[in-house]
Amino acid sequence: MAKKRTIVGYPLVPDLLGDMNLLQGFPETPADFDPNGQWINTYRIMTCHGYREDGNEDIGLLRLSKSPDTDDTFRLQVDREIVNDEHRLHKYTAEIICRKDLSASPVSWRLSNQFTAPNQSDPQTLEETGKANGTTAEITINNRTRIASGANPITADWCLFEAVQRLPFESSTSLVVDILEGLSVHKYNQRLSYRGLYTRANNSLQWFHQIGHGVLPYEYWLDDHHRLQMVTTGARTYILSDDAEARLTHQKTRETRAFKRRQKKYAGGDRDA
Amino acid sequence: MLEQTQEPINRRDFMKISGGATLALTAQGKRIFAAEAPSMPNIVLILTDQQHLDTISAAGCSHIQTPALDKLKNRGTLFTQSYCGNPVCGPSRSCIFSGRTSSETGVPVNGRPIREGIPNLGQWLSQHSDYETIYSGKWHVPEGFTHFIPGFDVINTGIGGQGNIGDTSASRACETYLHNRTSDRPFFMVASFLQPHDICEWLRINTYPPDQLRYAELESELPPLPDNFEYDPREPDYVKRNRQRRDPPKGNWDEMQWRYYRWSYYRHVEMVDAEIGRILQSLEDTDHLNDTVVIFTSDHGEGMGHHQTVRKSSLYEEALAVPFIISWPGHLPQNQTNTSHLITGMDIFPTVCDFAGIPLPEIMRGRSLRPLLTKPDPAWDDAVVCESNSNRGRMVRTSRYKYIAYAKDEVDQLFDMREDPGETRNLSADPQYVSVLKEHRERLIEWERQLVVAPDLKYANAWWRKG
């Protein structure tokens, strides 16, 4: 008999995730945390299938590391891993030089995009570079350059994770930008604004949201130190976490097992299963 | 054992007999197909999941921005009378990849494999040509996301229920493959995206609407309700029950929530459009734009509030009709819209074989669409039959009418698609339409007679009784 499942029913917010045992608080922010300084934020990437009892999985990790560069710029290192089903691993490694402006707009970047099969053999890699200025960006892969150009200043989704930490908690705060999602696909007219103070039984957080072309609304939750604690967009959440690595390892193990089960089921290899 | 053809053909033989220039003229004498068509072009099949027909900005939808699909439409032919074989994922995909009906493939419901003896496109191309056969993303016949797809090299799997993140891996894998490949063999690449299917997850986390719109600034941007939001209450019981099982009744949605759902659905489509854009850009960047046929469609549609439905499964247009584009710049007509010919997902298999220059399996329900693109007045029987989940229903569409029947249900539906494209007036009980009804029932029986259905198929004989 099929297990009874209860639909979640409501958008994902910190207290709902806590109620569903998917969030046990956030790591303590060091007293000297300075969003303008040097820091590392590691997020577990958790997805929800809309049921309270199951299907809520950690499928990856996003680590953002900010470090100094020049008087006008800083470095943002991005490490992101996603465990696709049957342990097909997709990794991004990017280093972005960002302006110290409101949207952390990228000046230039290098991005490595890597796929690894479950048996770890023969990873497939693609490198790209890019630069941006104002409303225009250039992305180069294998010496072929394409232009992304829009009506608004260009930044990136990962850059906004940094930028939102430097925005004031004021109702007048708002940004209008275009983003290069994953430093690659152009999404227009993103409006990021302060939403207010989020207070529920277990949490008191500062709340922003972002609406625009090609995305479900993003909601950003920050603590009073301006450290970004959690982000949601649709069924996907990024949760600041001390055990994101361990959770990722667990997911890899689980998907490797799934791969082996299917390998046995479809004995004969990939093509002739 | 796979089905065999009478005359298998290899690439070398094919190249000897093909490659000549083809020129076709329209009735007005306009040249529509002039360039020499290379033999065995690369072929990219782009699939989305649960995409409503009317979700392309260049095709007139004003609530969405789809620059990639716009580009593809402008480079090719958009078919507006396009249907999936069955408005549920697995069954529809079995039709796409075999050219047979879901009652024949043995996939009347999700979670079943295409039955033994019926080859999928990857197997068929591998056996009969030199094509590299590459797959990225959702499969679902039966496994959803897997390395084990017969006949294909899988370059990425994807993530069940999470197209919002797995689709990026799927398109990035295609991009990486295109940039890194060194082979001079032609490729058949399937980029199979899950979006906008994530609307299913969205519905489960937005079932209970708040007192106020969650994002107040959206109020002026929300799309209106569809014209056919209301429905004819004389529906088959099966359709009524399906509607009651869905989320909106549980959440007691008001107009604002319906409209917010529609707004959100468009954003899901924009997400997958961005991934499609990455594939098209990669073809350009690797100089494959003019030697690659791109076929785009979806496995089924989405309710979007039409007839107050969400998701799929019904035989109304919102679930059954899907966007469909074929493009081959320089070799096929560009920026065309075909509004007259009825086609289905089963037509993809023979169309791919036609472009690849290989013969078809002995039994094939689909028809190559190539003549519709290259001939001014092609012979084409404008009638299609589609099936529904669990083999429970049938839809017969002819150029003017649409007939729907469900097994063990007294109520049939008949719509005049010219006068009532929103399917709001069921004419099946109207004495004026007795002969139309009879004609469509006879067409259905005629169609059923030729099928070689899977053993132990539920409702296998239900359609004969409709006559």
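Tutor: What follows takes the chain contact and then the domains. This is a predicted model, in which local features need pLDDT of at least 70 and side-chain atom pairs count only at pLDDT 80 or more, while totals for chains, interfaces and linings use all residues. Residues are numbered from 1 along each chain as its sequence is written, and chains are lettered from A and ligands numbered from 1 in the order in which they are written.

Student: OK, how many residues of chain B are in contact with chain A?

Tutor: On the chain B side there are 49 residues, in contact with 50 residues of chain A, where contact means that the C-beta atoms, placed from the backbone, lie within 7 Å.

Student: Which element supplies the largest share of that chain B side?

Tutor: That is α6(B), with 11 residues; β7 (153–156), α6 (163–180), α7 (199–204) and α10 (255–285) of chain B each supply at least two, with helices (H or I, at least four residues) and strands (E, at least two) taken as DSSP runs numbered from the N terminus.

Student: Switching topic, what domains does chain B have?

Tutor: The assignment, which is automatic or from a database, gives domain 1 (11–202 + 256–380) and domain 2 (386–465), and their centres, taken over C-alpha atoms, are 26 Å apart.

Student: And how many residues does each domain of chain B give to the contact?

Tutor: Domain 1 of chain B gives 23 residues and domain 2 of chain B gives 17; on the domain 1 side, α4 (102–105) and α11 (317–320) of chain B each give two or more, and α4(B) has the largest share, 3 residues.

Note on methods. Contact = placed C-beta atoms within 7 Å.
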